Amino acid sequence: GGIAMLFNFLVSPYIAWKSDRIWTRLGRRRPFLIMGLIGAAVGLFFIPFAPSLLTLIIPVVIFGFFFEIAFYGTFDPLMNEVVPVPQRGRNGAIKAVFHNFGTLYFGIFLIGNFDYYFAGTKFKGEQIIYWLMAVLCLIMALHFALNFRETYVAPPPTKQRFTPWGFARDLFGEHQWRMVYLLVFIQISLQAGLANLGGLLITEQFGLSKQQMGMISIPMNISKIFIFLPLAGFLADRVDRMKLLLFGVVGSTLYPIVYWIFIHTIAGGHPTYWQIVGFEIYNGCVDVMANISLAALFFDFIPRNKMGTVFAGMTFARGSMRLISSLGVGVWVKYYSRFFGQPGVNDYSSGLLFLFLFGVVGVASTLYVYHERKSGRIIEYGKLECTQESQTPSAEVAEAGVS
C-alpha cells in the first residue's frame, strides 16, 4: 500500500500536466483515462492469485500505477469540462450520493461476505471483490470510449519539454493557482479527522462495541444521501459558492470544540450512542455544504486549457496536507495525553482540539480567498468561459470545433 501511495506524487501530477499539452483523435484526457482504467483492471484481476507478499507487490504496483493515471490524473479535469459551470454543484452532489451508496454496498455486501464462498462455487468473497472491481473498470473504460467526446482545445503553440523547474513553475508560479491550492487546504481542514484514533475513541475511551461503532455511520450516510446532499447540490448552483463554503467551514470548525466541551462537561467523558450519532450527523451536514461548494469552486477558478496543470498541483497539495493532518493529530494526542492526561492513558478526545485549531486556520484561509476574489486578484475563469460560449453563435462553435 505504501508503494502504491508514492504514485500520488510521481505519476498523476505529470499525467494531469501532460494532458493539457496534447491532442489526439480521442481527445487529450480520454486516452489516459481509458488506458488507466484497463491497466487498473488487469492489476485488480491478478491480486487474488498472489501466493506471497513478494508476488502481491507486482499486481498492486500495476493497479496503483494505472489507477493514478485514471482517477487522480485526468478524471476530475474531464468531468469538470463535460459538466457545464452552472451545474457543477449538482454534479458534485450526485457524485457524492453515488459514493455513499457505494460505501454502503461495499460494507454490507462485499466486505460482509469476504470469507464466504460465492453461489456454491470455489470462489470466495475476497476474490469476487477484486474481480467485480476489475469488470467495473472495464465497463467504465468502454463508457468513456463510446459515450464521451472532448471539445477541441489547442495545445501550446510550441512543444514544451518536461523539466523539473518548468514543471514546478507551471504548477506553483502563479498567484491564481496558489489560491486554488489554498482551497485544497481548506478541503483538508474539513475532511481532517482522528484517522485510526477515531475507532479507539469510540471503543476504548467511550466503551462502545465495534458493532455499535459500525452502526454509527448508517444514520449519517442515510441523512447525507436523502437530505443534505440534494440540499447542498441545489444551493451550490443557486447561491454564492464562496459564502456557502464559509458557512460550512465555520460550522465544521465549531464541531470539534463543541463536541470536546460536551464530552468533558455534560457527558462525563462517556457520551451515549445516540449523542455520538447526533454530533456525527451535524458534522456530516456542514461538511457536505462546504465540500459540494468546493468541488465546483476548484474548477471555477481554472480555465479549460489549464485544468490538468492546476489539478496536478492540487494533487501535490492534497497529498502533502493529508500527511501533515494525519501525522499531526497523532503527535498531538501523544503529547497532550502525556502532559495533561492520566499516566499511561491516551486521551483520544484531545485530538478534537487539534482539529479545532486546524479548522481555525481553514476559516482564516477561506476569508483570505474570499477577499482575493472580491478584490479581483483571482478570476473565475470557468464562469467567464461559460458566458463567452453562451454568446457565441452555434455555427461558429461548430466551425471552431471542426478546425
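Student: Is Arg241 buried or exposed?

Tutor: Buried means under 20% relative accessible area, exposed over 50%, and partly exposed in between, with a 1.4 Å probe and protein chains only. Arg241 has 6% relative accessibility and therefore counts as buried. This is a predicted model, in which local features need pLDDT of at least 70, side-chain atom pairs count only at pLDDT 80 or more, and totals for chains, interfaces and linings use all residues. Residues are numbered from 1 along each chain as its sequence is written, and side-chain values use heavy atoms, with hydrogens and water left out.

Student: With which residue does Arg241 form a salt bridge?

Tutor: A salt bridge is a side-chain nitrogen of Lys or Arg within 4 Å of a carboxyl oxygen of Asp or Glu. Arg241 forms one with Asp300, the closest N and O atoms being 2.6 Å apart. The pair links distant parts of the chain, 59 residues apart: Arg241 is in helix 12 (residues 241-266) and Asp300 in helix 13. Helices here are DSSP runs (H or I, at least four residues), numbered from the N terminus.

Student: Which other residue forms a salt bridge with Asp300?

Tutor: Arg88 does, with the closest N and O atoms 3.6 Å apart. Asp300 lies in helix 13 (residues 273-300) and Arg88 in helix 6 (residues 88-110), so this pair ties together parts 212 residues apart in sequence. Asp300 is buried because its relative accessibility is 0%; Arg88, at 5%, is buried too.

Student: How many salt bridges are counted?

Tutor: The count comes to 14.

Terms used: Helix = DSSP H or I, 4+ residues; strand = E, 2+ residues; numbered from the N terminus.
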